[in-house]
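Please consult the sequence and the structure shown below while reading.

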Amino acid sequence: MIAFVTATASVSAVQAADMTGAGATFPYPIYAKWAEAYKKATGNGLNYQSIGSGGGIKQIKAKTVDFGASDMPLKLEELDAEGLTQFPAIIGGVVPVVNLDGIAPGKMKMTGDVLAAIYMGKITKWNAPEIAAINPGLKLPAEEITVVHRSDGSGTTFLWSDYLSKVNAEFKTVVGASTAVKWPVGLGGKGNEGVAANVQRIKNSIGYVEYAYVKRNKMTYTLLKNADGQFAEPDDENFKAAAAGADWSKAPGMYLVLTNQPGKVTWPITGASFILMHKAQADAEKGKEVLKFFDWAFKNGGAMATELEYVSLPPAVVKLIEDGWKAKVKDASGKAIW
C-alpha cells in the first residue's frame, strides 16, 4: 500500500488548506499521483484514506471528511435525502487475476459464466471442463481453486458483482450486486491492496482488482469475453471503448454503471469512480479547495491517468460536472462557491 495518509496531530498554517477524503481503493493510485503533483504545483495537500467505497460513503454522510469516494454511484433519491451531490472523477477497469504456475499474463481466457460459477463455489478445480473448454492447449493444474474477494465494503466488489449479476441469472439470485455481498466461498482481503497481496501469496488462487494494481504488482491477468462475444484485453483503450456510449447528461444524479457495455474491444468490467460532496458546505474554503483540486486534475492529470491505465473524462463531461458545481455546491448562505 502506498504511504499516502499523512494526518498529523497539529496542522500548521501552511497545511491549513489541506483537504481530507476517504473511500474507494479503485482510484487510489491515481489520486495519490494527482495529490503529489498538486502539492508541488500549489502547496496544498490531500489526505486521502483508501478504506473502500462503503467506508467513503459512511464518512461523507457523517461529515468527517471533505469528500467521499465510491465506485458505486448513489441513486438520486439517496443523494437528495443526504444533501449530497456526486460526479465521476476517473474511469478504470476491474480485472480477474490468477496465481498459476506456467500461465503468463493474458494467456488464460475467462467468461462471466465461468467466473460466476467459481465465485459461487460451483467450479472448484482449475482443470474443470468449463475452464478447459475455453482454454484449449493451456496446461491447467488439477488443483483446488482458492477464491479471493474483498472483505470490506467495496465499489470494486460492486462493479464485479454487478457484471456477474448481468451475465449470470443464478449469481444475481444467490449473491447479487452490492458493495458488500455474502460470498458463498473464499477468503477476504481488505482493499484492492489486500486482494492483490493474497493472490500473489497463494498458489492456485483467483481474485479481482483494479487494473492499476495489476500493472504495479506485475500480476497475471486473464482475458474476458465481452458482450459482443470477443475475448478482450484489459487496457485504457478498451476501458475507453466501454465508456464511449455513456450519456452523462441524461443520467439523474450522474448515476451510470458501465459494466457489460457493447463493442468488439470493450472491457466488460469497466466503471467510473465517483466523488461525493455535501451541497451545503460548512467550510466553503475547504469545499472550494476540493473543487479546485479536481478541476486541476481534469485539466492537468490526463497523462498521469494514462500512465496508470485509467481513462480521463472527456472535456464535455468535465464541463457538465463543473456546471453542476456552480448549480449545486453552495456555502452556508446559499451562494455558489465555484
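Met 254 lies in the loop that separates helix 10 (236-243) from strand 12. Helices (H or I, at least four residues) and strands (E, at least two) are DSSP runs, numbered from the N terminus. The phi angle of Met 254 is near 60°, a positive value in a residue other than glycine. Because its relative accessibility is 10%, Met 254 counts as buried; buried means under 20% relative accessible area, exposed over 50%, and partly exposed in between, computed with a 1.4 Å probe on protein chains only.

This is a predicted model, in which local features need pLDDT of at least 70 and side-chain atom pairs count only at pLDDT 80 or more, whereas totals for chains, interfaces and linings use all residues. Residues are numbered from 1 along each chain as its sequence is written, and side-chain values use heavy atoms, with hydrogens and water left out.

A positive phi is also found at Lys 218, where the value is near 50° in a residue other than glycine. Lys 218 is placed in the loop between helix 9 (211-217) and strand 9 (220-221). The table sets out the two residues.

| Residue | Phi | Relative accessibility | Class |
|---|---|---|---|
| Met 254 | near 60° | 10% | buried |
| Lys 218 | near 50° | 74% | exposed |

Strand 1 (residues 19-23) is mostly covered, with four of its five residues buried. Strand 1 runs parallel to strand 2 (residues 46-50), and five bridges join them; two strands pair if DSSP finds at least two bridges between them. Within this pairing, Gly 23 has Ser 50 of strand 2 as its bridge partner. From strand 1 the chain passes through helix 1 (residues 28-42) to strand 2, a β-α-β crossover that is right-handed. Right-handed here means that, with the strands pointing away from the viewer, the path from the first strand over the helix to the second runs clockwise.

Strand 1 also pairs with strand 3 (residues 67-70), in the parallel sense and over three bridges. Here the bridge partner of Ala 22 is Gly 68 in strand 3. Strand 3 in turn pairs with strand 12 (residues 270-278) in the antiparallel sense, over three bridges, and Ser 70 stands opposite Phe 274 in strand 12. Which residues of strand 3 point one way, and which the other way? Phe 67 and Ala 69 point one way, Gly 68 and Ser 70 the other way, and all are buried.

Strands in the order 5-10-11 form an open sheet of three strands with mixed pairing. Strand 5 (109-110) and strand 11 (231-232) stand at the edges with a single partner strand each, so one side of each is left without a neighbour in the sheet. Strand 10 (residues 223-225) pairs with strand 11 in the antiparallel sense over two bridges, and Leu 224 stands opposite Ala 232 in strand 11.

Helix 6 (residues 155-167) has 13 residues and reaches 18 Å from its first C-alpha to its last, close to the 18 Å expected at 1.5 Å a residue; the expected span is 1.5 Å times one less than the number of residues. Eleven of its 13 residues are buried, among them Phe 158, Trp 160 and Tyr 163. At the start of helix 6, a side-chain oxygen of Ser 154 comes to within 3.1 Å of the backbone nitrogen of Thr 156.

Ala 305 belongs to helix 12 (residues 302-307) and counts as buried because its relative accessibility is 0%. Ala 305 and Ile 90 are 215 residues apart in sequence and 8.2 Å apart in space, C-alpha to C-alpha. Leaving aside neighbours within four places in sequence, Ala 305 is in contact (heavy atoms within 4.5 Å) with Ile 30, Ile 90, Tyr 310 and Ser 312.

**The nonpolar core**

A nonpolar core is a set of buried Ala, Val, Leu, Ile, Met, Phe, Trp, Tyr and Cys residues joined through side-chain atoms within 4.5 Å. In the largest one, which has 105 residues, Ile 118, Ile 206 and Phe 294 touch the most other members. Strand 4 (residues 84-99) gives the most to this core, with nine residues. Not counting residues up to four places away in sequence, Ile 118 touches Met 110, Ile 123, Ile 131, Ile 145, Val 147, Val 185 and Ile 206.

Key: A polar contact is a pair of N or O atoms within 3.5 Å; within protein, one must be able to donate a hydrogen and the other to accept it, and residues adjacent in sequence count only if both atoms are side-chain atoms.
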